[in-house]
Amino acid sequence: MSTEDAYVPPLPKAAQLTDKLMASAETVGAFHRDCLAWLSQRSPMTPRIFLESGPLWAVGLAVARRCVLRLGFGDIYPNLYYLWVAPTTYYHKSTGLNAITDMVRDTMPHLLLPATTSPEMLVAKLAGEKPANYDKLLPFERKNEDLAARFAGQRGILIDEASKMLIPKKYMEGHTETMMEMFDAPRRLERELRGDGKLIVYNPALAMIGATTPARLGRYITDSEWEDGLMARFLCLTPTEREIKCVLNGHNLDTHEFPADLKTRLLRVYNAFPMPPDEFALHDLDEPVKHPAIGATMEPAVFDLFNAYYAALHDMTDPRRNLDDRLRGNYGRFSTMALKLALILAIMDWTDEGMHNTPRITTAHWARGQMLAEEYRASVHRLLDELSIGVDVKNEKKVLDFIARHGERPPSARDILRGAGVKSRKEVDATLAALIEDGVIEIAERKTGGRSARGYRVTHAELSSEAS
């Protein structure tokens with residue numbers, strides 16, 4: 001997947017960041033940069049846009065709804081849903097997710113939920129229900145479960161094949177609705193189940209990061225999921241790199257473990273906020289459950305920048321602007337997502353700098369948040385382009401890429417069938433005929449064992465257009 005074919009509507013000048021603001025964005029979020037540097041060493045073949053989401057997601061999880069930015073239109077909490085989308089194997093999604101999993105397990109394992117669970121079990125866990133075999137668990141695991149109960153509704157899911165969460169099967173009914181509600185961090189979520197009775201999730205705020213392939217996403221997610229708000233809650237990331245260079249494994253194990261300094265700083269975020277009340281304290285209450293939260297603030301100029309970005313995106317959703325209907329929900333939320341990202345960056349710096357007063361979002365934090373949101377806006381356009389491409393177009397791209405990589409010796413149709421990833425000789429022949437007719441490739445005779453054979457090469461006109 002690459003950026004070359006994806007058109008992204010440009011922001012109007014009023015919403016664009018100045019050079020000064022973009023330069024200031026480089027001065028914030030030191031933990032983000034340092035953590036990204038380690039992740040890039042641990043998983044060097046995972047796209048950067050995937051890895052840079054890890055520290056942002058982990059800090060949002062560590063806060064666990066205990067920091068809030070209160071604004072006139074609603075409360076902003078730092079929990080995020082990320083979805084990495086790329087073909088299998090080549091982009092090393094699992095390796096990157098494993099690194100982020102280790103990062104969380106080394107610091108706050110009790111905040112992680114099981115990756116695979118039914119809708120009923122998910123609600124039960126978020127409501128603080130203990131596992132049926134609690135008494136048989138090892139002491140360390142029971143301690144984790146006890147601590148997890150205090151953060152029951154503020155948990156995280158890390159899942160290598162996220163399509164499992166989105167399968168439209170009968171046994172998964174209600175799952176997507178729960179995820180949508182949990183992202184928005186309501187005061188409470190109620191479910192009444194036949195076996196468990198009434199379950200109440202207090203102060204929920206789910207955080208999720210997962211990976212899938214375009215094929216699986218296209219199979220399970222229809223236009224309805226894009227247009228009803230489910231996919232608008234996900235920051236859908238796609239690689240910007242066209243080619244991932246192979247990095248050979250070394251013997252140095254120092255880069256494998258989550259560094260002690262980064263671990264200390266992430267734990268500092270977790271410990272910077274008030275602990276939720278324990279189960280015994282809750283049962284002594286005769287009033288609604290309230291979890292303590294620190295209120296963040298922001299510089300007045302940040303609100304002006306937010307409004308300019310919000311207004312620009314709103315205008316782009318005007319039906320007369322011909323924005324893909326599937327993207328309207330995403331565009332409606334990108335400004336709020338940028339605020340979430342700015343809040344996370346402000347929390348990172350606040351804890352790194354000694355936790356004086358409360359977290360405060362500066363214009364530099366906003367600038368970095370908007371820059372990330374703009375990366376993600378371009379990313380979702382790439383994703384929808386990929387999902388919209390038919391088999392014929394995909395075959396043309398595969399064949400053209402194979403011919404371009406083949407060097408000076410033009411490949412034959414048989415070479416292309418074996419190496420380009422096209423399923424049948426019939427499809428290869430049809431694709432070659434279409435590319436020849438369009439003037440993209442041409443036939444090139446070559447000698448093999450004294451006999452002439454037909455090969456294919458990219459035309460000079462096509463090479464010239466690519467160069468320009």
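User: What covers the buried residues of helix 2?

Analyst: The cover includes helix 3 (48–51), helix 4 (53–63), helix 5 (93–105), helix 12 (260–271), helix 15 (328–352) and helix 16 (363–388), where contact means heavy atoms within 4.5 Å. This is a predicted model, in which local features need pLDDT of at least 70, side-chain atom pairs count only at pLDDT 80 or more, and totals for chains, interfaces and linings use all residues. Residues are numbered from 1 along each chain as its sequence is written, and side-chain values use heavy atoms, with hydrogens and water left out.

User: Which residues of helix 2 are buried?

Analyst: Phe 31, His 32, Cys 35, Leu 36, Trp 38, Leu 39 and Arg 42. Buried means under 20% relative accessible area, exposed over 50%, and partly exposed in between (1.4 Å probe, protein chains only).

User: What makes them line one face of the helix?

Analyst: Seen down the axis of helix 2, the buried residues fall within an arc of 165°, so they line one face. The arc is that of the directions from the helix axis to the C-beta atoms.

User: Why is Thr 89 called exposed?

Analyst: Its relative accessible area is 63%, and exposed means over 50%. Thr 89 lies in the loop between strand 3 (81–85) and helix 5; helices (H or I, at least four residues) and strands (E, at least two) are DSSP runs, numbered from the N terminus.

User: Why is Ala 185 called buried?

Analyst: Ala 185 has a relative accessible area of 8%, and buried means under 20%. Ala 185 also has a positive phi of about 50° although it is not a glycine.
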